[in-house]
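Student: I am new to this structure and would like to go through it slowly. Could we take it one question at a time?

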Amino acid sequence: MNGPSRTPRTPPGGRRDRDPEGRARNARPRDGLGRPLPYGSAGVERQPEGVVRAPGESVAEAQTLLDAGRPFHAHEVFEDAWKSGPDGERGLWRGLAQLAVGLTHAARGNTTGGARLLRRGAGAVEEWGAETGRPRPHDLRLAELVDWARELADSVERGGVPVDAAASAPRLRGRAG
């Protein structure tokens, strides 16, 4: 067979990966931006899913991952908060997850998707703040995050090249945080 080689989609043995409860889970190693690597490759440690954290812990863990250039993994932290937090905060955490995924796509070189998700996340965060009247929930600086996301979206579209995820990461608690 001539043509491009493909990364294996099934684990050795051909059986789907399963978690302890029997749900399908892709156990392929991933790089720092969450891209799957071939089975047997050395990848970065995956962010555990379904972890319930206090909001401040979620923000701190996500910031650590963003600073390390791992926005895909920060997205997982925000997604856990979105799924486990109070109903009234789900829009906030979903918007933050979209910002992290937008940065992920921008770092992977997907300028269109990255800019779109950054703007969508900015809109969700801005809307949540306006609807709740909470501009600094959990010490997050929503206005600065919205500005960061829109500026990065513009820059990504103008430049058309991947961004450095760590260098482009936001300060969730503001420039001084």
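Tutor: A residue is called buried when its relative accessible area is under 20%, exposed when over 50%, and partly exposed in between, using a 1.4 Å probe and protein chains only. This is a predicted model, in which local features need pLDDT of at least 70 and side-chain atom pairs count only at pLDDT 80 or more, while totals for chains, interfaces and linings use all residues. Residues are numbered from 1 along each chain as its sequence is written, and side-chain values use heavy atoms, with hydrogens and water left out.

Student: What percentage of the residues in the protein chain do buried residues make up?

Tutor: The protein chain has 177 residues. Counting the buried ones among them gives a share of 44%.

Student: Which pattern does the protein chain follow along the sequence?

Tutor: Helices (H or I, at least four residues) and strands (E, at least two) are DSSP runs, numbered from the N terminus. The protein chain has six helices and zero strands. Read along the sequence, the pattern is therefore written with helix symbols, as defined for DSSP runs, and comes out as α-α-α-α-α-α.

Student: How much space lies in the largest cavity?

Tutor: On a 1 Å grid over the protein atoms alone, a cavity is a set of points where a 1.4 Å probe fits but cannot get out, and lining residues have an atom within 4 Å of a point. Grid points are joined across faces, edges and corners, and a volume is the space filled by probe spheres set on the points. The search of the whole structure finds one cavity of 30 Å³ or more, and the lining of the largest cavity includes Phe78, Leu96 and Leu172. The space in this cavity is about 50 Å³.

Student: Is aspartate 31 buried or exposed?

Tutor: Aspartate 31 sits in the segment before α1, where, leaving out residues up to four places away in sequence, Leu37, Val44 and His73 are touched by aspartate 31. Because its relative accessibility is 17%, aspartate 31 counts as buried.

Student: What is the phi of aspartate 139?

Tutor: Aspartate 139 is found in the loop between α4 and α5, and with a relative accessible area of 44% this residue is partly exposed. Histidine 138, also in the loop between α4 and α5, has a positive phi of about 55° although it is not a glycine. For aspartate 139, a residue other than glycine, phi is positive as well, near 65°.

Methods:
1 Å grid on protein atoms, 1.4 Å probe; cavity = no way out; pocket = protein on both sides within 12 Å on 5 of 7 lines; lining within 4 Å. Contact = heavy atoms within 4.5 Å.
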